[in-house]
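Visitor: I would like to learn how to read side-chain contacts in a model. Please start with charges and rings.

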Amino acid sequence: KMLPKEVTKTHDEGAIHFHDMDYSPLQNMSNCCLINMFDMFTNGFAMGDVGIASAHSFSTVCNHLAQIALHVSSSQYGGQTHSWTATVPFLQKSREIIVKRIHERCSKFLTEKQMLKFIEVDLMKEINRGVQTYQYQVLCHTSSSGQTPFVSMNLCLAEAMTEQERKDLAMIIEEVFRQRTQGIKDRHGRIISPLFPKLLYWICDGLNAEPTDPYYYLNELAVDCV
């Protein structure tokens, strides 16, 4: 009754589909939000009455990512989409912290090659911890609508601005796929594939479209976790 008659008519005829007619436009709520995480993580944001400054590590920003997903899901219907690319600058911050810590503690006892190996191992642990934190928080949260946040995560190598950022993003994507393939335990201890977040993986010319492309190996991991 609230919609223009021509909209209702064409919807009933199947010529168009008016999304979520069960609540819209009756309720003043939005749907399918594309969240600008790049701006929020760079310039800071507010959550409730708390101001959140730009994070200093990858694992911390993954925690923020999940908290934002919960808050958004409590004020809208339908899905929301984030991009893992927004977390890449914070992986570099974590790398710098790890490099400084290892050089301070181990430079007298290890060669440069050995220290690089330790840095790589610690960085992969940071990626594992961040991705796992995000996944479990999203799955354990319940919004005010009583549902797990309907989150989709964008996995697009072409979003990276530099080659180093692209390499870092590829490591994040690889860990996302590995954890999805591994699955999680449900309340009965059975291994299941999590419903969320949905994974939006892009095939990009020159990056992962052909077997000769540098990141083609990610396609095989993507297929494994379907």
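Guide: A charge sits over a ring if NZ of Lys or CZ of Arg is within 6 Å of the ring centre and within 35 degrees of the ring normal. In this predicted model, Lys 198 lies over the face of Phe 196, at 5.0 Å from the ring centre.

Visitor: How many aromatic pairs are there?

Guide: A pair of aromatic rings is described by the distance of the centres and the angle of the planes. The structure has 6 aromatic pairs. One of them joins Phe 41 and Phe 45, with 6.4 Å centre to centre and 55° between the planes, and is tilted. Phe 41 is buried at 3% relative accessible area, and Phe 45 is buried at 12%. Phe 41, Phe 45 and Phe 90 form one aromatic cluster.

Visitor: Why is the pair of Trp 84 and Tyr 134 edge-to-face?

Guide: Planes over 60 degrees apart count as edge-to-face. The planes of Trp 84 and Tyr 134 are at 75°, with centres 5.3 Å apart, so the pair is edge-to-face. Trp 84 lies in the loop between strand 4 and helix 4 and Tyr 134 in helix 5, so the pair ties together parts 50 residues apart in sequence. Both Trp 84 and Tyr 134 are buried.

Visitor: How many salt bridges does the structure hold?

Guide: The structure holds 7 salt bridges. Among them, Asp 122 pairs with Arg 101, the closest N and O atoms being 3.1 Å apart. Asp 122 lies in helix 5 and Arg 101 in helix 4, so this pair ties together parts 21 residues apart in sequence.

Technical notes: Residues numbered from 1 in each chain as written. Predicted model: local features only at pLDDT ≥ 70, side-chain atom pairs only at ≥ 80, totals over all residues. Heavy atoms only, no water. Phe/Tyr/Trp six-rings, centres within 6.5 Å; stacked < 30°, edge-to-face > 60°. Buried < 20%, exposed > 50% of the residue type's maximum accessible area, 1.4 Å probe, protein only. Helix = DSSP H or I, 4+ residues; strand = E, 2+ residues; numbered from the N terminus. Salt bridge = Lys/Arg side-chain N within 4 Å of Asp/Glu carboxyl O.
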